[in-house]
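Okay, thanks for coming, everyone.

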Amino acid sequence: MTATLPSDQADDAASETGRIPRPLRPRLARLAVFLVIVVGFIWGVSGLDASFERLRSAPGDAWAILRLMWPPDFATVIERGAIGKVLESVYIAWIGTVIAATLSLPLAFLASNNISPAFIRLPIRQLFNVIRAVPELIVAVVLLGVVPLGAWAGALAIGLHSIGTLGKLSSEEIESAAHGPVEAVEACGGTFISRVRWGVLPQVLPQIASYWLFRFEINVRASAVLGMIGAGGIGSELIAQLRFRNFPEVGAVLIITVAVVVFIDTVSSSVRKRIIAGGSGDPSRMMALIRDLGGSGLARQP
Amino acid sequence: MTEAVAPGTGERPAKPRPKPLTFLVAIALVVWTVFTAREVGFRWSTFVDVWTNPLWEKFWPIPWEWVLDRGNVIDPLIETFQIAIVATVIGCGLALPAAFAMSRLTAPNSPTYWVSRIVMSIVRAVPDLFWAKLLVTAIGIGAFAGAWALSIFSFAVMVKLFSETIDGADPGPLEAARAAGSRHVPAVRTGVLPTVLPSYVAYALYVFELNIRASIVLGLVGAGGIGRIVEAQRTFFNFDRILGILVIVFVVVFVIEQISVALRRRLV
């Protein structure tokens, strides 16, 4: 026992307290991380003009606004066409997703290391990174400079921004595709296009389609936000009602938005599950599908 | 035993026909897409017109002396960072206990589980900038409201991600702690926390990245940070300055993401 402990002193300490002393280095590392977080936090708060007065009154103010929103005034908001606007947000999100899906699929193939050479692949990957780094609201701000204000500009902004994420996720999926089917097509004398079309695409399309749907869910929220800067949809209604401090109407707009977002999330995620599971929604079927597709996976099965 | 057929002469197997449901879904999707495209005002001509728009000249050249001036861009960018850091610490800090209450494995009782789950899905369904705008209305324009909004949002995101990790944690150590007579909180503390802590830190870094991105646009609704400058320049159509800000933002976001990804890779 003594041999494993660094010194007699530690041994004494251990026997006195009945505990083995904890190793020093992880403790120091933990302390350092803790200090970094605390110092960062204090530095952050110092820039937020957060006096104790404000800190104390803020929760009360926020709660007061929340109280004013109840009961929500659906009648006025619906009369002003809120349902049409929230649907417009959904349309914007859909068209944005369709644009992004159409453009990102070929780009994703060009960005995958099993399809395309490095001199094409690397620039396209960087393009994805650049696109992902710019939030869609900023894209919209820039686009509103050259495209007339409205739903179409919002859809374009969402479409452009979503290319980055979809392209990255899709190309990762393509890179993890099994090589067997590609070899099979090659053995039959398939051209490059045939190899991609029959060897790779069927393997990756279910997962990629589920990414599209997932992005659609995110884009519904994004298009609601885009309305706030004038790109169509429910966000404009929220801004209009907040400007005149019509809090019951604001409450109604919020509830309509939440209802639509939750509805779309639910439908979309159940569709995604079915797509990946191959139509039955049964996870064992999905496992079978993965086994069928993964060439080497078969060998490992008992 | 069937007769051997010379290669290339035998009849090919019939190609399976698509199911009627597949047709229906495909048609429905096309109709829906066309309908939404019309509603949105989709125009092919935009893809051509955009490039020939004379307004692009307003984007170039980037006025670097304006962009690199401390007061114009750098200080608001620092404010953006401060918002993101504060929001991440508050949101992730509060999410740690909340996620344990929301996971099936560690929830103290089932009402806690269901109530927290429903509240959280409502909080997440409200877009982040809606929160920001509401809080700006409630507690005044500025970074303070922005930090609040992002704290709420990162709390909601973190609780969801982390509670799902806890759902998937190994229940063995927890059972062992309970069998040894531990009460609920110490059992979770010693039985589950150590196994999920690395994912917690990884998610916290991810939420920090999200917050940096979100805090860039917060200013567009009056909640402080670099977006405040973008909004101000937008109203004066100074697109060259906006482009300059974009370049700076891109560099900063890219660097942070690389650091965060490197750290996360080491953790998980």
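So, start with H5(A) and H12(A): these two helices pack at an angle of about 40 degrees, and their axes are 11 Å apart. Keep in mind that what you're looking at is a predicted model. At that angle the two count as neither roughly parallel nor roughly perpendicular, so H5(A) and H12(A) are oblique to each other. The crossing of H5(A) with H12(A) is right-handed.

Who actually touches whom there? On the H5(A) side you've got Ala82(A), Val86(A) and Val90(A), and they meet Val253(A), Ile256(A), Thr257(A), Val260(A) and Ile264(A) from H12(A). Sort those residues by class and you get 7 nonpolar, 1 polar and no charged.

How far can you trust this part? In chain A, confidence is highest in helix H5, residues 82-110, with a mean of 94, and lowest in helix H14, residues 295-300, with a mean of 28. Over residues 1-8 of chain A the pLDDT is below 50, and that stretch has 4 contacts in the model beyond near neighbours in sequence. Towards the other end, residues 279-302 of chain A also stay under 50, and there the model has 21 contacts beyond four places in sequence. Where pLDDT is low, the predicted coordinates should not be read in detail. Overall, chain A has a mean pLDDT of 81, with 85% of its residues at 70 or more.

Next helix pair, still in chain A. Helix H6, residues 118-133, and helix H8, residues 151-175, have axes that come within 8 Å and cross at roughly 130 degrees. From H6(A) the residues in contact are Phe128(A), Ile131(A) and Arg132(A). Their partners in H8(A) are Leu160(A), His161(A), Ile163(A), Gly164(A), Thr165(A), Gly167(A) and Lys168(A). What's the make-up of that contact by class? It comes to 4 nonpolar, 4 polar and 2 charged residues.

Two backbone details in chain A before we leave it. Look at the peptide bond between Trp70(A) and Pro71(A): it's cis, with omega at about 0 degrees. Pro71(A) is in the loop between helix H3 (52-68) and helix H4 (74-79) of chain A. The other one is Arg245(A), which isn't a glycine but has a positive phi, near 55 degrees. Arg245(A) is in a loop as well, between helix H11 (234-243) and helix H12 (247-277) of chain A. So if you follow the chain on from Arg245(A), you get to the H12(A) we began with.

Okay, over to chain B. What is chain B built from? It has 12 helices and 0 strands. As for its shape, a compact globule of 268 residues would have a radius of gyration near 18 Å, whereas chain B has 27 Å. If you box in the C-alpha atoms of chain B along the principal axes, you need roughly 85 × 75 × 35 Å. Confidence for chain B comes out at a mean pLDDT of 85, and 96% of its residues reach 70 or more.

There's a helix pair to see here as well. Helix H8 (residues 172-179) and helix H9 (residues 184-191) of chain B have axes that come within 8 Å and cross at roughly 140 degrees. That makes H8(B) oblique to H9(B). The crossing of H8(B) and H9(B) is right-handed. In H8(B), the contact involves Pro173(B), Leu174(B), Ala176(B), Ala177(B) and Arg178(B), and in H9(B) it involves Ala187(B), Val188(B), Thr190(B) and Gly191(B). By class, the contact of H8(B) with H9(B) has 6 nonpolar, 2 polar and 1 charged residues.

Last thing: how do the chains meet? In the model, 53 residues of chain B are in contact with 49 residues of chain A. Which helix gives the most to the chain B side? That's helix H6, residues 128-139 of chain B, with 8 residues. The side of chain B that touches chain A has 37 nonpolar, 9 polar and 7 charged residues. And for the complex, the predictor gives an ipTM of 0.81 and a pTM of 0.81.

Note on methods
Residues numbered from 1 in each chain as written. Chains lettered and ligands numbered in written order. Predicted model: local features only at pLDDT ≥ 70, side-chain atom pairs only at ≥ 80, totals over all residues. pLDDT = per-residue confidence, 0-100. Helix = DSSP H or I, 4+ residues; strand = E, 2+ residues; numbered from the N terminus. Contact = placed C-beta atoms within 7 Å. Axes fitted to C-alpha atoms, helices over the stretch in contact; angles between N-to-C directions. Nonpolar A, V, L, I, M, F, W, Y, C, P; charged D, E, K, R; others polar. Rg over C-alpha atoms; globule rule 2.2 N^0.38 Å. Parallel < 35°, antiparallel > 145°, perpendicular 65-115°, else oblique. Left-handed = near helix turned anticlockwise from the far one by under 90°.
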